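Visitor: Could you take me slowly through the pairs of oppositely charged side chains, and then through the part of the fold where such pairs lie?

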Amino acid sequence: MNAHAVDAHDDHDHHGPDKGLMRWVRTTNHKDIGTLYLLFSLLMFFVGGAMALVIRAELFQPGLQFVDPNFFNQMTTMHALIMIFGVVMPAFVGLANWMLPIMVGAPDMALPRMNNFSFWILPFAATMLIGTLFVEGGGPAAGWTMYPPLVLQGGKSFPMLIFSVHLLGISSIMGAINIVATIMNLRAPGMTYMKMPLFVWTWFITAYLLIATMPVLAGAVTMLLTDKYFATSFFSAAGGGDPVMFQHIFWFFGHPEVYILILPAFGIVSQIIPTFARKPLFGYASMVYATASIAFLSFIVWAHHMFTVGMPVVGELFFMMATMLIAVPTGVKVFNWVSTMWRGSMTFETPMLFAIGFVIMFTIGGLSGLMLAMTPIDFQYHDTYFVVAHFHYVLVPGAVFSIVAAVYYWLPKWTGHMYDEKLGRLHFWLSTIFVNVLFWPQHYLGLAGMPRRIPDYAVQFADFNMISSIGAFGFGLSQLLFVVVVFKAIRGGQQATDQVWEGAEGLEWTLSSPPPYHSFSVQPEIK
C-alpha cells in the first residue's frame with residue numbers, strides 16, 4: 001500500500017477500545033475531526049441550499065405563489081445563517097484540521113480534546129437554529145444581520161436564535177485558538193513562518209480575525225437579548241438607545257467575517273495553482289503580506305455596509321477610501337495567481353478548473369464590490385439585488401468553489417483513491433454555467449431597482465428573475481454530482497499514487513531546479 005493510502009487508513013490504535021460510532025464521538029484524531037466537519041458542512045450545504053430554492057421558486061414569477069411573505073423572510077434569514085455558520089466556516093475548519101498538522105509537520109492539532117468539543121457543539125447549535133422554524137411564531141425573519149427593532153418581533157424563536165449564534169461563535173473561537181496554538185507551537189524544526197504553505201498562512205491570519213470579531217457578535221446579540229427581556233434599551237430610541245448603534249457593532253464583526261469566509265479560499269487556490277502550473281507560486285512573500293493587509297483593513301471599513309444611515313460626509317469619505325484600499329492587496333493576489341499560471345506547464349484537472357473558475361468569478365465579485373464602495377453609487381444600489389449579486393459572486397464561485405476545489409485536490413490523499421475525473425469535470429462545467437445563469441441577471445435586476453428580501457416584485461423584473469431561478473435549480477441539482485464523486489472515491493476506485501498530482505498526466509516537475517521547499521506533495525527521496 002502506498003504512503004498516501006497508509007496515511008489515510010491510519011489504524012487509530014491510539015483510540016483504545018472505541019469502535020464503530022463511539023470512535024467518531026470521542027475521537028481526538030485531527031483527520032477524523034476534519035472529516036466530521038466536512039461531512040457536517042456538506043449536509044448543511046443541502047439544507048441551506050434547499051432554503052435558497054424556496055426563495056428562488058417564489059421569485060420565479062411575480063405575485064405570491066408558494067409561501068407567505070413571513071416564511072419567505074424566514075428562509076432568507078436562515079439560508080444566510082446556515083450557509084455562513086453551518087457550511088463555509090465548518091468546511092474551512094475541516095480542511096484546516098485535516099491539512100494543517102500535515103503541512104507544518106505536527107503529529108496532531110495542539111489541543112485535541114478541545115478540537116473534538118468544538119466540532120460537537122456544531123450539530124446542536126445547527127439543530128437549535130433550524131428548530132426556530134418549528135416554534136410558535138416561526139423562525140427569525142429579520143435577515144441574517146438581525147437588525148433591531150425587526151428582530152425583536154421574533155416571538156419564541158428569538159432566544160433560540162441568540163443562543164445558537166452564541167454556540168456557533170464559541171465553536172469558531174475554539175477552532176481558531178486551536179489553529180493558532182498548532183501553528184505557533186507544533187511546527188517541525190526548520191519550518192520558519194516564511195516557509196509555511198500559504199494555506200497555513202491564510203488560516204493563521206483568519207484565526208486571529210475570528211478570535212477578535214466573534215466576541216463582538218456575542219456582545220451585540222446579548223444586548224439584543226437584554227433589550228427584549230430585561231428592559232434595557234441599547235437599541236431602542238424610546239429609551240434613549242440607537243438602532244444604528246447595533247449596525248455599527250454588528251458590522252464591526254460582520255466585515256472581518258466576510259474575510260474569514262474568503263481568506264482560507266485564497267490559501268487553497270495558492271496551493272492548487274502552482275501544482276497544476278508546475279511552477280512555484282509567484283511572489284510568496286507578497287501573498288503573505290497581502291493577506292495580512294486585507295485582514296488589517298477589514299477592521300476599518302465596516303460602515304460601508306451602512307452608508308445610507310445618515311453618516312456625516314467625512315465618515316462616508318473615510319469608509320469609501322478605506323474600502324477602495326482593500327482592492328490593492330486583493331489585486332496583488334489575483335496578479336500573483338495569474339503570474340503563477342503564466343507560461344506554466346498547465347494541465348486542467350478538476351481542482352485546477354475550480355481554482356481558475358474561482359480566480360475569474362471572484363474577480364467579478366471584487367469589481368462589483370468596488371462599485372459598491374463608492375458612497376453616492378451605493379445610495380442607489382443599497383438593499384437591491386445588485387448587492388445580492390455582488391456578495392454571491394464572492395461567496396459561491398469564491399468560497400464554495402474553493403472548498404470544492406480543495407476536496408477534489410486532497411481526496412486522493414484522504415481516501416487513497418482517485419476520484420472520477422470525468423464526473424468531476426462535468427460537475428465543474430455545470431456548476432460554472434448555472435452559477436452565472438443564477439447570479440449574473442441579478443446585477444441587472446439590482447441596477448433596475450429591484451429590492452432584496454421581498455417575495456413579490458413589479459412585472460418588469462419577471463424575465464431576469466425567471467432566468468435566475470432556472471439557474472438556481474440547475475446549480476442545486478448539479479451539486480448532487482459532487483456527492484456522487486465523493487462517495488465513489490470513499491468507496492474505492494483507482495489507487496492514488498505517492499505523487500498523485502505530479503504523476504497524474506505522467507508529467508514530473510518541468511523546472512530545471514528542484515521543486516520549491518514549501519511543496520509538500522513532493523517527497524524528497526532518501527538514498
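**Salt bridges and a pair of helices**

Guide: The count comes to five salt bridges, a salt bridge being a side-chain nitrogen of Lys or Arg within 4 Å of a carboxyl oxygen of Asp or Glu. The model is predicted, so local features need pLDDT of at least 70 and side-chain atom pairs count only at pLDDT 80 or more, while totals for chains, interfaces and linings use all residues. Residues are numbered from 1 along each chain as its sequence is written, and side-chain values use heavy atoms, with hydrogens and water left out.

Among the five is the pair of Lys488 and Asp420, whose side chains meet at 2.8 Å, N to O. This pair links distant parts of the chain, 68 residues apart, since Lys488 belongs to helix α16 (residues 462-491) and Asp420 to the loop between α14 (385-415) and α15 (421-447); helices here are DSSP runs (H or I, at least four residues), numbered from the N terminus. Lys488 counts as partly exposed because its relative accessibility is 40%, and Asp420, at 23%, is partly exposed as well (buried means under 20% relative accessible area, exposed over 50%, partly exposed in between, with a 1.4 Å probe and protein chains only).

Within helix α15, Arg425 and Glu421 lie four residues apart, about one turn of the helix, and their side chains form a salt bridge of 3.0 Å, N to O. Arg425 has 32% relative accessibility and is therefore partly exposed.

A further salt bridge joins Asp32 and Arg23, again given from N to O, at 3.0 Å. Here Asp32 is buried, because its relative accessible area is 3%, whereas Arg23, at 21%, counts as partly exposed.

Returning to the helices, α15 and α16 pack with their axes 8 Å apart and at an angle of about 155°, where axes are lines fitted to C-alpha atoms over the stretch in contact and angles run from 0 to 180 degrees between N-to-C directions. The two helices are therefore roughly antiparallel to each other, the word used for angles over 145 degrees. Their crossing is left-handed, meaning that the near helix is turned anticlockwise from the far one by less than a right angle. In the contact of α15 with α16 (heavy atoms within 4.5 Å), 19 residues are nonpolar, 10 polar and one charged; Ala, Val, Leu, Ile, Met, Phe, Trp, Tyr, Cys and Pro count as nonpolar, Asp, Glu, Lys and Arg as charged, and the others, Gly among them, as polar.

Note on methods: Parallel < 35°, antiparallel > 145°, perpendicular 65-115°, else oblique.
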